[in-house]
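Student: Can you walk me through this one? Keep it quick.
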Amino acid sequence: MRLYLITGDRGDEVETARIVEAALEGGATVIQLRKKSMPMLEQYRLALALRILTREHEALLIINDHVDLAIAADADGVHLGQDDLPPDAVRALPGFEGRLIGRSTHNLAQAQLTVHEGADYFAVGPVYSTPTKEGRPAVGTALVSRVAGIIDRPWVAVGGIELDNVATVVDAGAPAVAVVRAVYDAADPAEAARRLHEALVTRLEVARR
Amino acid sequence: MSQVTVTLNGKPRTVPDGVSLLELLEQLDVQPSRVVVEHNREIRRRDDFDKTQVHAGDELELVFFVGGGAGDDALVVGGRSLRSRLIHGTGKFASNEVLARCLTAAQPDMITVAIRRLNLEGGRSELEGIDLRRYTLLPNTAGATTAEGAVRLARLARAAGFSDFIKVEVVGDEDTLLPDPQATLEATRQLVKEGFIVMAYTSDDVVQAIRLYEAGAAAVMPGAAPIGTTLGLQNLLNLELIVGKVKVPVIVDAGLGVPSEAARCLEAGAAAVLVNTAIARAQNPPEMARAFAEAVVAGRRAFKAGRAHIGLKAVASSPVEGLPV
């Protein structure tokens, strides 16, 4: 639980599916398909493969940005950025009913607004600077704490989170974390996911006391 | 070996300098297989316990992933113990401040949270000043109208770290907000298969309650009356029949109005009650929260004490011997 993997841009369908499968075996429970430069037909085939893998592992499959792909591949939901369609408009699309909507947020006001707009979950970040989102300033753990203090929706902290800093992020109040590099680019993604997951749930147990 | 001070689970403790984690666990009488060790904020693998040495100033956290310690008469749901038999809702409160005071007054272990916010008006979505980590969260799938939708919301809640508990709630009729029996059963089956601790919201139908129990629900939650009505327990007989047939905790959910009704549910053998509107919309919510908390204690005590037999002939309670006739 609690570990959300976002796919990196690197790798073709086969390579990506292999890494995702390893991450699922290591304990990831949400997979977000995010490929900024892959042609849509390939993304569709990849999404179908990930749909099978996530079903086998009882994990959620979320598609970044592309609502049409989410419906076509029968994904569990879509993840939207601040400049994408608003959640209520997506929710009303034919074929979308019953699916989840997630949203990226970068400050407290956006997080609060997202809750009011009817997203099912949101991501807060980047907590630390990350090459995945080059040029976007890190928001730090202070924002994580502020969000944790007031919001009772499902949410994840994202951005530069890895084994070395996951305890700090959890201590700041994050109930779950999303990663790209820490698992996707690891030499052994299954082991990386397993260790990250273990560090996460242990620190959460400590924080609970 | 010289003695040094380390921090063990947040408290100072004196240990021999350079002691291995394995030796330390032996001294503490802890089986290595039952614990995860965080040493200076890093997880230590079990294989490394004998190689890892503890030195002055080190921070150690031993984490046991088991519940317990909740007292003799704890409510046990899905293997987890809850001290309080009042499950506290978090919706419809005038403000977070009022909710926080209610939680302080009622001292619940478990509080409900909606995964999907239902309405834009009056629905609270922020819990400022309330430390959610102090409670066992019971997320519900309200907002789902299909089994598939409920399963998705449950998976999201678990992935977001709410808890393994899920209250399955699939509305079958928008006017009464009564649950859809077929979809509730389907979602329950699937989520049980996935290892969730499923608490299934149902109407007061006895057979549906049995089916949910057979499907593996960890608790069955029949409504007293439609959600938010505060009409109180409408069918005591059905509650008693459900309690008699279902071998997991029966938790009366929805529609209660006043604490006496909560006590009545517990007296009839219900394991707990879930109360939201009756507290949130009371004239003095924190006082009402406390009253409900006291009522469930009284009701439970009465259930365990066993009621007196009902007789049709009057029998004087005062002694009559020796009185002038």
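Tutor: Terms first: helices (H or I, at least four residues) and strands (E, at least two) are DSSP runs, numbered from the N terminus. This is a predicted model, where local features need pLDDT of at least 70, side-chain atom pairs count only at pLDDT 80 or more, and totals for chains, interfaces and linings use all residues. Residues are numbered from 1 along each chain as its sequence is written, while chains are lettered from A and ligands numbered from 1 in the order in which they are written.

Student: Where does Ala167(A) lie?
Tutor: In helix α7 of chain A, residues 166-172.

Student: Is Ala167(A) buried or exposed?
Tutor: Buried, because Ala167(A) has 22 C-beta neighbours inside 10 Å. The cut-offs: buried is 20 or more other C-beta atoms within 10 Å of the residue's own, exposed is 12 or fewer, partly exposed is in between, with C-beta atoms placed from the backbone.

Student: What is Ala167(A) in contact with, leaving aside neighbours within four places in sequence?
Tutor: Ala199(A), Arg203(A) and Arg41(B). Contact means C-beta atoms, placed from the backbone, within 7 Å.

Student: Now the interface. How many residues of chain A are in contact with chain B?
Tutor: 35, against 31 residues of chain B. On chain A, α5 (108-117), α6 (140-150), β7 (155-158) and α9 (189-208) each supply at least two residues. α9(A) gives the most, with nine residues.

Student: What is that side of chain A made of, by class?
Tutor: 19 nonpolar, six polar and 10 charged residues. Nonpolar is Ala, Val, Leu, Ile, Met, Phe, Trp, Tyr, Cys and Pro; charged is Asp, Glu, Lys and Arg; the others, Gly among them, are polar.

Student: New topic. Which residues make the contact of α3(B) with α4(B)?
Tutor: Ala147(B), Ala150(B), Val151(B) and Ala154(B) of α3(B), and Ala183(B), Glu186(B), Ala187(B), Gln190(B) and Leu191(B) of α4(B). By class, that contact has seven nonpolar, one polar and one charged residue.

Terms used
Two residues are in contact if their C-beta atoms, placed from the backbone, lie within 7 Å.
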